[in-house]
Amino acid sequence: MTTPGLTISRILHAGYVFACEGATIAFDTIFENPFSRNCHAFPDVRFDVAAIRRQHFDAVFISHFHDDHCSLDSLDLLDRATPLYIYCIFDALFEMVRQLGFTHVHPLRLNTPVTVGPFTVTPREAMDVDVDSMFQVQAAGQNVLNVVDSWIDDDTLAQLIGLGPWDMVLWPFQTMREIEVLTPSRAAAAPPELPAEWIAQLQALQPRYVVPSSCQFVQEPWSWYNRAFFPITYAQFTREVGAALPAASVVRLDPGTSVRLGGAALQPAAPLAWLVPVGPQDVDYVYEGNAAPPSTASIAQHFAALSEAQMARVLDYCRAGVPAKYSEVEAASSYFDGPRYWRLSVYDHQGQASVFDYLLDGDVATLVTEAGPLGWTTEIPAARLYGALEQGESLTTMYMRINDAHFDADAERDLLDVDVVDDPLIRCLFSDTFGAYQAAQLRRLLAR
């Protein structure tokens, strides 16, 4: 006999399994630890890959194309007849998933519901409509909002209030500092508290249950990011949300954990059998501001040596690829309209740097042997630059260090108005690429 109610199980990050009346659907299915190269499950878990291959999902929903939500290595474990519903404005992603062998691949449209057995799943608009979506999930008389790791604007909030009442909200609880760790000497430490708008939005939604969602990962054990990337603890989230919503319950769902939503109370349910906890599970984040970052030279020594051919690929890109690519991408700020000298330092596995100086003038980057006063600096481990060039590595895993120097007074004044992601190397690597991570995965999977 099927137990009534809606069962919700946590996978990783923003991944969930929903079960009701014999039907099972999943969201943002990541079955990897680590995922996205250096995101290690927190708390730690391992996956029973053989058991995952035996799972049957009536549908899988993917909120957006980022590699911590849409990984072809994870999708590769699923039956190719599994219906996939993906929110993405780029046709290339759908083509890649079809090349992997999936036969039922559907684009999601905002505010257009999808019915799967007892479930009605409706994608809702996130703040960055070109990238993200959220999900409203209705089943067994329950109404759940999965915010994924999106932000909500005022118009969408008004719509969501009208779609209530909400039984449960899966709410992102980390204000991750992906940009600040790129330039730690210039970034102020974040206050360890939730954004005021998050509290106001949760008060407006008035859910019965709030789950601190997304995140649930740390970087490599040696990484200084583990003290600087995550300002919010589970304890802090529970205190702040509990104080702001005294009638609601804050429910922590660790990987593999399941609850049954229905009736007057939330009940524990059988955990996911194919996700196995490893070690202590009652762990929490520790934030130490900018956490005295180690040098890029020392960070680079944690990565394996590149082969001679791989290192040649990196150095050739710095000598020829960067000047060629720079002329094709536009700067987002006027800082680079006039001449600036830029220094790119690439560190090998021994912490030794290859230094490249460029004169940037308009849309031209010229490699020079003698630089004038520097106006921008970029440091990166060679292994991570190779990863970006050949393996679709994303910015958050590259340990890039930007402007960790003091420039002349004019440059320092002008830098106050410049976004760090206008970095010349970032622009050359990422300005006009889409799905590089998934494309690299697909090449490897099809070559088996």
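User: Is Thr233 buried or exposed?

Analyst: Buried means under 20% relative accessible area, exposed over 50%, and partly exposed in between, with a 1.4 Å probe and protein chains only. Thr233 has 19% relative accessibility, so Thr233 counts as buried. Thr233 sits in the loop between α6 (225-228) and α7 (234-244). Helices (H or I, at least four residues) and strands (E, at least two) are DSSP runs, numbered from the N terminus.
This is a predicted model, where local features need pLDDT of at least 70 and side-chain atom pairs count only at pLDDT 80 or more, while totals for chains, interfaces and linings use all residues. Residues are numbered from 1 along each chain as its sequence is written, and side-chain values use heavy atoms, with hydrogens and water left out.

User: Which residues is Thr233 in contact with?

Analyst: Contact means heavy atoms within 4.5 Å. Leaving aside neighbours within four places in sequence, Thr233 is in contact with Phe173, Asp284 and Tyr285.

User: Where is Val137, and what does Val137 touch?

Analyst: Val137 is in strand β11. At 0% relative accessibility, Val137 counts as buried. Not counting residues up to four places away in sequence, Val137 touches Phe18, Phe27, Phe119, Thr120, Val121, Gln142, Asn143 and Val144. For a sense of distance, take Val137 and Gly242: they are 105 residues apart in sequence and 24 Å apart in space, C-alpha to C-alpha.

User: In what order do the strands of the open sheet run?

Analyst: Start with the pairing rule: two strands pair if DSSP finds at least two bridges between them. Here 7 strands form an open sheet with mixed pairing, in the order β9-β10-β11-β12-β13-β14-β16. β9 (114-116) and β16 (249-250) are the edge strands, each pairing on one side only. Within the sheet, β10 (residues 119-125) and β11 (residues 133-139) run antiparallel, joined by 6 bridges. Pro123 stands opposite Phe135 in β11.

User: What lies across β10, β11 and β12?

Analyst: Axes are lines fitted to C-alpha atoms, for helices over the stretch in contact, and angles run from 0 to 180 degrees between N-to-C directions. Helix α4 (residues 154-162) lies across β10, β11 and β12 (142-146). The helix runs at about 155 degrees to β10.

User: How do I read a helix pair such as α4 and α5?

Analyst: Take the crossing angle: under 35 degrees counts as roughly parallel, over 145 as roughly antiparallel, 65 to 115 as roughly perpendicular and the rest as oblique. The axes of α4 and α5 (residues 196-205) come within 9 Å and cross at roughly 25 degrees. The two helices α4 and α5 are therefore roughly parallel to each other. Leu157, Leu160 and Ile161 in α4 meet Gln201, Ala204 and Leu205 in α5. By class, that contact has 5 nonpolar, 1 polar and no charged residues. Ala, Val, Leu, Ile, Met, Phe, Trp, Tyr, Cys and Pro count as nonpolar, Asp, Glu, Lys and Arg as charged, and the others, Gly among them, as polar.

User: At what angle do α9 and α10 cross?

Analyst: Their axes cross at roughly 80 degrees and come within 9 Å, for α9 (residues 308-326) and α10 (residues 382-390). α9 and α10 are therefore roughly perpendicular to each other. Gln310, Met311, Arg313, Val314, Tyr317 and Cys318 in α9 meet Ala382, Leu385, Tyr386, Leu389 and Glu390 in α10. The class count for this contact is 8 nonpolar, 1 polar and 2 charged residues.

User: How many residues of α10 are buried?

Analyst: α10 is mostly covered, with 8 of its 9 residues buried. The buried residues of α10 pack against α9, β20, β23 (374-381) and α12 (424-430). After α10 comes Gly392, with a positive phi near 70 degrees.

User: Which hairpins does β21 take part in?

Analyst: β20 (residues 340-347) and β21 (residues 353-361) pair in the antiparallel sense over 8 bridges. Trp342 stands opposite Tyr358 in β21. That hairpin has 5 residues between the strands, and Gly351 takes a positive phi near 80 degrees. β21 also runs antiparallel to β22 (residues 364-368), joined by 5 bridges. Tyr358 stands opposite Leu367 in β22. This hairpin has 2 residues between the strands, and Gly362 takes a positive phi near 65 degrees.
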